[in-house]
Amino acid sequence: MCIRYRKSNDYRYKEWILGGYAQYKKTIKKIDFILGSRVESNFSEGINSKNSYTLSHNKTNFFPFFSISYNHSQTNNFNVSYSKRITRPTFNNLMPFNYYVDPNTILVGNPNLKPSISHQFELQYILKQNYVFAIDYSINKNEIFQTPLQNNEILSTILTPLNIKNGNSLSFSNNSTFDLFKWWNLNFNIVMFYDTIKSSDDFLSINSYNWSNQFTTTNLFTFPNNFNLEIVNEYISPFIQGPYKTNYLFSLNSSISKTFLSKRLKASITANDILGTYKLKSTSIILDQYSFIFQKFDTKWIRFSITYKLTKGIKKQIIEADSINEEIKSRTK
């Protein structure tokens, strides 16, 4: 792959990813076992002819995973799982070019980025298929975040993607569904997080931890004449992510719909972020540095839609091998 700009730099980048998969599945009475691994070889090379700079990576990784499910009864199920995953830097993040947002803000690529590796553990309990309780723990190495670096000599801020060396997260979650009445279904999801981030090198120094929580409720009301009303609200307390701590977030969404012609025709009106409260206010948690970022997205909108099903369709039988292949493919992401 070759990219050239008349008014910029010249950078050639090539990358190859070779991977193989193996998976074993077995059921012993009420216990289901899934065990497997993916092996991957990654070759990449970048050449900057203007600065006589060459970048070369050649590494082989193993990504094991397993899952053990215990189906105690129709109302009680347990599951424990582990997986190792990789997140690669995007092509844009690797480009070693400068982009001037304004005279004091510069976006700079980082060709020395390393892929992020995460180890994820989960223990899950499902009660009556309506109540899900889970404990998750993740160990993250070299997570990639766009990071502000202040240069006091030239009074400028450089935004560049950097690897955060260590980040751990512990969470407790519960998802429950209740049929309060025949016409009212309530679902709520609550998650409590404990996050720690540590990174120290020549570019940045971070040592931070934080408790936070997320609470989401979904109310579904079913009225006569095929009318449905859905109201969703979400609250996230202040949380840390990469080099930032973000203030609380809140949003309220709603939709109303009606079906016609034996439920083949559906008309709906959806309102997103009704109160216009989804705004990000973040401050830097890098030691000896202060920066404040305010972001407001185009999240407040109203949409009207009509859908019509020409036929009822054909119910496709799920083939077990197909579902396994899709699961394995998703592990390359």
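These legends describe close-up views of one predicted protein model. Residues are numbered from 1 along each chain as its sequence is written. Local features need pLDDT of at least 70, side-chain atom pairs count only at pLDDT 80 or more, totals for chains, interfaces and linings use all residues, and side-chain values use heavy atoms, without hydrogens and water.

**View 1. The whole protein in numbers.** The protein has two helices and 20 strands. Helices (H or I, at least four residues) and strands (E, at least two) are DSSP runs, numbered from the N terminus. Of its 333 residues, 34% count as buried. Buried means under 20% relative accessible area, exposed means over 50%, and partly exposed lies in between (1.4 Å probe, protein chains only). The accessible surface comes to about 21700 Å², and carbon and sulfur atoms hold 57% of it. Such areas come from the Shrake-Rupley method with a 1.4 Å probe; for residues, only the protein chains shown count as cover. Among contacts (heavy atoms within 4.5 Å) with a separation of 6 or more, 55% link residues 24 or more positions apart.

**View 2. The largest nonpolar core.** A nonpolar core is a set of buried Ala, Val, Leu, Ile, Met, Phe, Trp, Tyr and Cys residues joined through side-chain atoms within 4.5 Å. The largest one has 10 residues, including Phe-145, Leu-162, Ile-240 and Ile-286. Strand 9 (131-151) and strand 10 (156-181) are the elements that give two or more residues to this core. A second, separate core has seven residues, among them Tyr-11, Leu-94, Phe-97 and Leu-113. In soluble globular proteins, nonpolar side chains tend to be buried together.

**View 3. Around Ile-286.** Ile-286 belongs to the largest core. Neighbours within four places in sequence are set aside here. Ile-286 then touches Thr-147, Pro-148, Leu-204, Ser-205, Ile-206 and Pro-243.

View 4. About 900 Å² of surface forms a nonpolar patch, with Tyr-24, Leu-35, Phe-66, Met-192 and Trp-211 among its residues. Patches are made of residues with over 30% relative accessible area and no salt bridge; like charges are joined within 9 Å, nonpolar side chains (Val, Leu, Ile, Met, Phe, Trp, Tyr) within 5 Å. A salt bridge is a side-chain nitrogen of Lys or Arg within 4 Å of a carboxyl oxygen of Asp or Glu. Tyr-24 counts as partly exposed because its relative accessibility is 49%.

**View 5. Strand 2 beside strand 3.** Strand 2 covers residues 10-28. It runs antiparallel to strand 3 (residues 31-48), and 18 bridges join the two. Strands pair if DSSP finds at least two bridges between them. Tyr-24 stands opposite Leu-35. Two residues lie between the strands of this hairpin, where Lys-29 takes a positive phi near 55°. Tyr-13, also in strand 2, is buried because its relative accessibility is 8%. Its C-alpha lies 8.9 Å from that of Asn-48, 35 residues away in sequence.

**View 6. Two loop residues with positive phi.** Ser-262 is not a glycine, yet its phi is about 60°. Ser-262 sits in the loop between strand 16 (249-260) and strand 17 (265-272). Asp-273, also not a glycine, has a positive phi of about 50°. Its loop lies between strand 17 and strand 18 (279-284). Ser-262 is exposed because its relative accessibility is 75%; Asp-273 is buried because its value is 2%.

**View 7. Asn-77 in strand 5.** Strand 5 (residues 76-87) holds Asn-77. Asn-77 counts as buried because its relative accessibility is 13%. Beyond neighbours within four places in sequence, its contacts include Tyr-70, Gln-124 and Gln-129.
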